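Let's take a friendly walk through this protein chain. Have a look at the model below, and then we can go through it piece by piece.

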Amino acid sequence: MAVTLTEAAARHVTRYLTKRGKGVGVRLGVKTTGCSGLAYTLEYVDELPPEDTVFEGHGVKVLVDPKSLAYIDGTQLDFVREGLNEGFRFNNPNERDKCGCGESFRV
């Protein structure tokens with residue numbers, strides 16, 4: 001499988017990297033936290049670490065560290081606007097449950 005991103009997510013990342021003036025893509029991962037156990041992490045990266053797996057879609061690189069890949073393999077990263085709110089949405093087929101506040105998930 002792979003980690004993918006929608007055109008909307010790619011446009012947002014590209015715009016932000018251009019505004020920053022540097023960067024090679026985004027790193028998607030997970031950390032242990034919250035009431036359901038895991039939370040997504042997303043950060044812009046300036047270098048490609050050799051241990052990360054690199055996926056590319058719509059001209060944007062998505063890096064995933066080896067420990068996180070088992071939890072997010074198959075995930076699609078999207079960027080959505082709903083009313084006045086906007087942000088990234090993680091469509092992860094491995095999720096089995098989410099906490100009520102939406103901060104964490106369980107696989």
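## A charged pair and its neighbours

Let's start with E82, which is partly exposed at 47% relative accessible area (partly exposed lies between buried, under 20%, and exposed, over 50%, using a 1.4 Å probe and protein chains only). E82 forms a salt bridge with R89, and their closest N and O atoms are 2.5 Å apart. A salt bridge here is a side-chain nitrogen of Lys or Arg within 4 Å of a carboxyl oxygen of Asp or Glu. R89 is also partly exposed, with a relative accessible area of 34%.

E86 makes a salt bridge with R81, with 2.7 Å between the closest N and O atoms. R81 is exposed at 57%, whereas E86 is partly exposed at 48%.

## How to read the model

This is a predicted model, in which local features need pLDDT of at least 70 and side-chain atom pairs count only at pLDDT 80 or more, while totals for chains, interfaces and linings use all residues. Residues are numbered from 1 along each chain as its sequence is written, and side-chain values use heavy atoms, with hydrogens and water left out.

## The overall fold

The protein chain has two helices and nine strands, in the sequence order β-α-β-β-β-β-α-β-β-β-β. Helices (H or I, at least four residues) and strands (E, at least two) are DSSP runs, numbered from the N terminus. Of the 107 residues, 37% are buried.

Among contacts with a separation of 6 or more, 50% come from residues 24 or more positions apart; a contact means heavy atoms within 4.5 Å. The accessible surface comes to about 6,400 Å², and carbon and sulfur atoms hold 48% of that (Shrake-Rupley method, 1.4 Å probe; for residues, only the protein chains shown count as cover).

## The three-stranded sheet

Strands β1, β6 and β7 form an open sheet in the order β1-β6-β7, with mixed pairing. Two strands pair if DSSP finds at least two bridges between them. The edge strands, each pairing on one side only, are β1 (4-5) and β7 (85-91).

Strand β6 (residues 76-82) runs antiparallel to β7, and seven bridges join them. F79 sits opposite F88 in β7. Helix α1 (residues 7-20) lies across β1, β6 and β7, at about 85° to β6 (axes are lines fitted to C-alpha atoms, for helices over the stretch in contact, and angles run from 0 to 180 degrees between N-to-C directions).

## Around strand β5

Strand β5 (residues 60-64) is mostly covered, with four of its five residues buried. Strand β2 (residues 25-33) pairs with β5 in the parallel sense over four bridges, and V26 stands opposite V62.

On β4, the pairing with β5 is antiparallel, over five bridges, and T53 has V64 as its bridge partner. The two strands form a hairpin with two residues between them, and H58 in the turn has a positive phi of about 55°. E56 belongs to β4 (residues 53-57) and is exposed at 55%. E56 and V3 are 53 residues apart in sequence, with 8.4 Å between their C-alpha atoms.

The whole structure holds seven salt bridges. One of them joins K22 and D46, with the closest N and O atoms 3.7 Å apart. K22 lies in the loop between α1 and β2, and D46 in the loop between β3 (37-45) and β4, so the pair ties together parts that are 24 residues apart in sequence.
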